[in-house]
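Below is a short report on one protein chain.

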Amino acid sequence: MKILENISLKPYNTFGIDCTARYFALIESLSDLMEIFAAREFLKLQKLILGGGSNILLCSDFNGLVIKIDLKGIDLLTDGSIKVQAGENWHDFVLWSLENGYNGIENLSLIPGNVGAAPMQNIGAYGVELKEVFLDLEAFHIETGEIHVFTNSQCEFGYRESVFKNSRKGEYVILSVRFNLHKTDEVDIRYGAISKVLENQGILHPTPKQISNAVIYIRESKLPDPKKIGNSGSFFKNPVVLKSDFLLLQEQYKDIPSYLINSLEVKVPAAWLIENAGWKGKVIGNYGVHKNQALVLVNYGGAKGADIYELAQKIQASVKNRFDIHLQMEVNIINGTN
Ligand code: EPU
């Protein structure tokens with residue numbers, strides 16, 4: 001395994017932030033991973049496990065070891081499940097599944113990132129979440145070097161949440177994920193935007209491939225392509241608020257959208273709050289808030305992570321001030337100067 005020194009992380013984060021990693025290791029096998037965690041010279045260094053780099057904001061140079069997971073392979077198992085290695089690109093896997101007649105993740109088309117990162121935050125879009133098709137995963141326990149299996153319930157999935165962001169944070173490296181996809185043509189078009197696109201195209205009974213195309217169309221029209229404009233998708237989570245508080249807000253802001261979570265709570269689109277606090281499309285030099293989706297912060301080229309973080313904090317403060325709602329950041333803020 002090759003260890004690189006003082007390399008730019010720009011190609012490895014979709015925000016396109018140009019920070020330097022002191023050391024960088026590309027992990028192509030389990031033995032690479034075991035070797036790197038056993039290496040004495042790196043024992044005390046701060047470590048950053050990197051997948052597709054699509055959910056991080058680098059706020060400084062990383063004065064430690066970056067471990068980029070590049071495990072590859074998609075295997076059809078005899079029980080009909082599909083085992084995918086962590087380093088496979090998520091969208092490539094979605095396309096693979098559709099080409100091979102396996103359905104269930106078409107609504108999750110074009111989500112940036114790798115398969116290994118998908119369970120971390122239970123990726124979701126257009127009415128579907130990863131947990132609906134997730135069977136289990138294999139993860140490397142950093143402290144003992146053992147491989148542990150986590151079932152669906154053991155992952156404790158929630159809205160953009162899992163055990164790996166909470167009680168098990170920093171303890172594991174996800175190696176592979178096993179999926180239970182179906183072979184029927186059953187699709188999920190409950191999400192309004194999808195049915196609208198299909199309706200416009202005159203499609204009455206969409207196939208999973210047509211759903212995937214509709215999702216790609218919607219995402220491309222609203223979300224910036226990280227290859228052209230650096231970003232990490234939704235920067236904040238949609239906040240969940242008490243229904244009683246929401247009703248008070250609604251008296252003042254008649255058009256505020258919401259989704260009912262249960263009889264006591266509602267989810268409010270963070271994008272609406274940010275837009276109505278006046279931030280949508282704001283450009284500050286070489287970074288800002290995207291013009292089509294207020295939930296997405298963007299790097300127009302050469303921006304510093306710390307500046308984008310400061311902008312995120314300003315947005316938080318202004319939403320709090322205006323609506324008394326705290327916006328939680330969804331993106332992982334990386335500060336590696338220690
Ligand atoms: N809206 C605004 N202003 C905007 C954008 C949206 O007011 O600039 C309002 C609209 O009223 C709209 C509502 O927000 O009806 C919801 O917008 P949208 O359907 O675009 O979804 P979202 O809640 O903003 C979430 C996910 C996205 C996912 C979409 C579609 C989170 C944090 N984000 O966004 O995920 O693609 O739903 O399912 O849950 C990501 O995680 O990176 C991501 C892009």
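## Backbone and local features

Asn 6 is found in strand S1, residues 3-8. Strands here are DSSP runs of E with at least two residues, helices are runs of H or I with at least four, and both are numbered from the N terminus. The model is predicted, so local features need pLDDT of at least 70 and side-chain atom pairs count only at pLDDT 80 or more, while totals for chains, interfaces and linings use all residues. Residues are numbered from 1 along each chain as its sequence is written, and side-chain values use heavy atoms, with hydrogens and water left out.

Asn 6 has a positive phi of about 50°, although it is not a glycine. Most residues other than glycine have a negative phi. Glu 156 also has a positive phi, near 50°. Glu 156 lies in the loop between strand S11 (147-151) and strand S12 (172-179). Its relative accessibility is 51%, so Glu 156 counts as exposed. The cut-offs are these: buried means under 20% relative accessible area, exposed over 50%, and partly exposed in between, with a 1.4 Å probe and protein chains only.

Gly 281 sits in the loop between helix H6 (270-276) and strand S17 (283-284). At 31% relative accessibility, Gly 281 is partly exposed. Leaving aside neighbours within four places in sequence, Gly 281 is in contact with Val 289, His 290 and Lys 291. Contact means heavy atoms within 4.5 Å.

Which residues of helix H2 (residues 90-99) are buried? They are Trp 90, His 91, Phe 93, Val 94, Ser 97 and Leu 98. Seen down the axis of H2, they fall within an arc of 155°, so they line one face of the helix. The arc is that of the directions from the helix axis to the C-beta atoms. These buried residues pack against strand S6 (74-76), strand S7 (82-85), S12 and H4.

Helix H3 covers residues 192-200, and its buried residues are Ile 194, Val 197 and Leu 198. Down the axis of H3 they fall within an arc of 95°, so they too line one face. Lys 196, Glu 199 and Asn 200 are exposed on the other side of H3. The buried residues of H3 pack against helix H4 (208-222). Just after H3, Gly 202 takes a positive phi of about 70°.

## A strand covered on both faces

Strand S19 (residues 296-299) has both faces covered. Val 296 and Val 298 are buried on one side, Leu 297 and Asn 299 on the other. In a regular strand the side chains alternate between the two faces of the sheet.

Strand S13 (residues 230-234) runs antiparallel to S19, joined by three bridges. Two strands pair if DSSP finds at least two bridges between them. Ser 234 has Val 296 as its bridge partner in S19. Strand S18 (residues 287-289) also pairs with S19 in the antiparallel sense, over three bridges. There, Tyr 287 has Asn 299 as its bridge partner. A hairpin of six residues joins S18 to S19.

## Domains

The domain assignment gives domain 1 (3-69), domain 2 (72-222) and domain 3 (230-334). Such bounds come from an automatic or database domain assignment. The contact of domain 1 and domain 3 takes 13 residues from domain 1 and 18 residues from domain 3. The two bury about 1,200 Å² between them, 56% of it on carbon and sulfur atoms. Buried area is the accessible area (1.4 Å probe) that two parts lose on being put together, summed over both. Phe 15, Asn 55 and Leu 57 supply 52% of the area that domain 1 buries against domain 3, more than any other three residues. Across this interface the rule finds zero salt bridges.

## Salt bridges

A salt bridge is a side-chain nitrogen of Lys or Arg within 4 Å of a carboxyl oxygen of Asp or Glu. The whole structure has 14. The table lists some of them.

| Pair | N to O distance |
|---|---|
| Lys 72 and Asp 70 | 3.5 Å |
| Lys 83 and Glu 138 | 3.4 Å |
| Arg 178 and Asp 136 | 2.9 Å |

Lys 83 lies in strand S7 and Glu 138 in strand S10 (residues 134-141), so the pair ties together parts 55 residues apart in sequence. Lys 83 is partly exposed at 21% relative accessible area, and Glu 138 is partly exposed at 27%.

Arg 178 in strand S12 and Asp 136 in strand S10 are 42 residues apart. Both Arg 178 and Asp 136 are buried. Salt bridges that share partners join Asp 79, Asp 136 and Arg 178 into one network.
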